[in-house]
Amino acid sequence: MKHHINFKVNGDEYSLAIDPWRTLNEVLREDLNLTGTKLGCGTGDCGACTVMVDDKTVSSCLTLAVSVDGKSVTTVEGLAPSGEELHPIQEAFIKTGAIQCGFCTAGMEMSALHLLNRNQSPTEMEIRSSLSGNLCRCTGYNQIVEAISIAAETMKGTEPKKEER
Amino acid sequence: MRLPKFEYFEPKTLEAALSLLTEKGSDACVLAGGTDVLVKMRNGRLNPKAVIGLQGIEGLNNINFDPSKGLSIGSMARISDVVSHPDVLRRYPALSHAAGVMANDQVRNMGTIAGNLCNAAPSAENAPPLMAMGAHVTIVGPTGARHIPLDQFFRGPGLTKIEASEIMTSIFVPLPAPRSGASYKRISARCGVDIAAVCVGAMVACTEEVCSEVRIVLGAVAPVPMRASKAEGIIQGQKLTRDLVEKAAAQAAEESKPISDVRATADYRKKMVEVLTFRALEQAYERAMKL
């Protein structure tokens with residue numbers, strides 16, 4: 001039996017009838033065509049599928065879509081809603097060369113947002129620790145860590161947008 | 001790979017969840033954070049026809065600290081909420097530490113301490129500190145509630161005393177005794193995310209100069225998290241000296257029953273039991289002296 005769910009993605013309201021065994025990752029990518037969020041391991045180890053549910057990062061591959069009924073989801077597409085002006089985290093990733101193949105990037109950026117929403121001036125150790133659930137096989141992480149510390153500087157004093165909380 | 005097909009229920013009350021569980025029998029599975037259950041379903045180790053999500057039950061995610069009794073952690077409280085809870089940080093630093101170093105942010109934001117216990121991995125990170133602090137769990141079934149001391153809860157890898165018709169509703173950790181302290185130490189190949197190769201929880205309570213109560217709990221070195229009771233016996237009622245703590249640590253290694261696997265060899269695990277038991281006792285004692 002399909003379940004009816006109402007939830008927000010990047011501020012937009014959606015109302016869907018979905019099978020209970022489908023994950024949030026599948027529904028985002030296949031039903032809503034939000035393919036910025038990737039699917040890596042499918043077991044919560046790699047972090048490529050990281051999105052925010054309400055104000056916390058989760059692995060969308062281990063989240064049943066039925067369980068986000070009434071909740072608010074933010075994906076990497078929500079970082080730059082206009083599609084033109086990029087988020088300071090994204091700008092910093094480009095600037096430092098923190099993107100190579102790009103597969104981990106969306107998840108990395110969501111973890112970065114989760115960190116910077118809670119800690120405006122993270123230390124290098126805090127940045128590294130916040131990325132412990134996100135694997136990158138290209139960069140060696142240094143550029144990503146650098147990007148997040150640059151983004152922290154840029155974001156200081158700017159109000160977090162509502163839907164990002 | 002996709003999840004196998006199942007029916008999903010999200011009852012609003014514990015009573016409704018229990019009757020669903022009874023009605024669906026062994027075909028049903030209770031879902032808390034999903035970080036273990038959905039992985040098992042994905043790789044075919046679990047194939048329930050009905051999944052009963054507990055997130056709609058009000059109050060099950062509460063974390064309450066009563067200064068006269070202790071800490072109660074609802075079975076749907078997320079690990080990250082336990083880690084950052086001010087009373088847990090202040091009064092139960094060993095638990096906050098253990099829960100905070102397990103897995104990663106995403107898993108801690110989804111997973112629950114109760115789920116970690118019910119999954120009953122020999123390496124369950126929260127089991128040693130909770131057992132060391134004398135925790136018990138509350139399990140509710142069709143005939144009512146029962147309380148089980150955590151050190152009697154585990155039956156084997158993946159096996160617990162919880163029956164198919166029962167749901168864990170909370171974990172209770174008693175108020176730390178005056179002049180007592182607890183500690184949690186772990187080791188794994190990588191610093192974070194990795195499952196512990198060895199983990200140790202310890203609790204020491206002192207009266208005057210003597211150690212009046214001690215608990216040493218070893219994780220990932222036996223089929224279930226285990227008390228090192230002979231090691232405890234070495235310290236119990238004695239004045240804590242470096243020599244005695246070293247003896248107890250060696251005894252803990254002696255009574256551990258590790259296996260060799262992908263994370264460590266049995267020999268290495270035994271050595272690490274000794275090292276970590278020493279460090280855990282040392283820190284627990286330091287904390288006891290500070291209170």
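A crossing of two helices is called left-handed if the near helix is turned anticlockwise from the far one by less than a right angle, and right-handed if the turn is clockwise. In the predicted model described here, the crossing of helices H2(A) and H3(A) is right-handed.

Two packed helices are described by the angle between their axes and the distance between the axes. For helix H2 (residues 88–96) of chain A and helix H3 (residues 105–118) of chain A, the axes come within 10 Å and cross at roughly 125°. Angles of 65 to 115 degrees count as roughly perpendicular and angles over 145 as roughly antiparallel, and H2(A) and H3(A) are therefore oblique to each other. On the H2(A) side the contact is made by A:Ile89, A:Gln90 and A:Phe93, which meet A:Thr105, A:Glu109, A:Ala112 and A:Leu113 of H3(A). By class, the residues of this contact comprise 4 nonpolar, 2 polar and 1 charged.

Between the chains, 25 residues of chain A are in contact with 23 residues of chain B. On the side of chain B that touches chain A, two or more residues are given by each of strand E1 (7–9), helix H2 (37–42) and helix H6 (105–110) of chain B, and the largest share, 5 residues, comes from H6(B). This side of chain B has 10 nonpolar, 9 polar and 4 charged residues.

Chain B itself is divided into domain 1 (7–53), domain 2 (63–173) and domain 3 (180–290). The centres of domain 1 and domain 3 of chain B, taken over C-alpha atoms, are separated by 36 Å.

Notes:
Residues numbered from 1 in each chain as written. Chains lettered and ligands numbered in written order. Predicted model: local features only at pLDDT ≥ 70, side-chain atom pairs only at ≥ 80, totals over all residues. Axes fitted to C-alpha atoms, helices over the stretch in contact; angles between N-to-C directions. Helix = DSSP H or I, 4+ residues; strand = E, 2+ residues; numbered from the N terminus. Parallel < 35°, antiparallel > 145°, perpendicular 65-115°, else oblique. Contact = placed C-beta atoms within 7 Å. Nonpolar A, V, L, I, M, F, W, Y, C, P; charged D, E, K, R; others polar. Domains from an automatic or database assignment.
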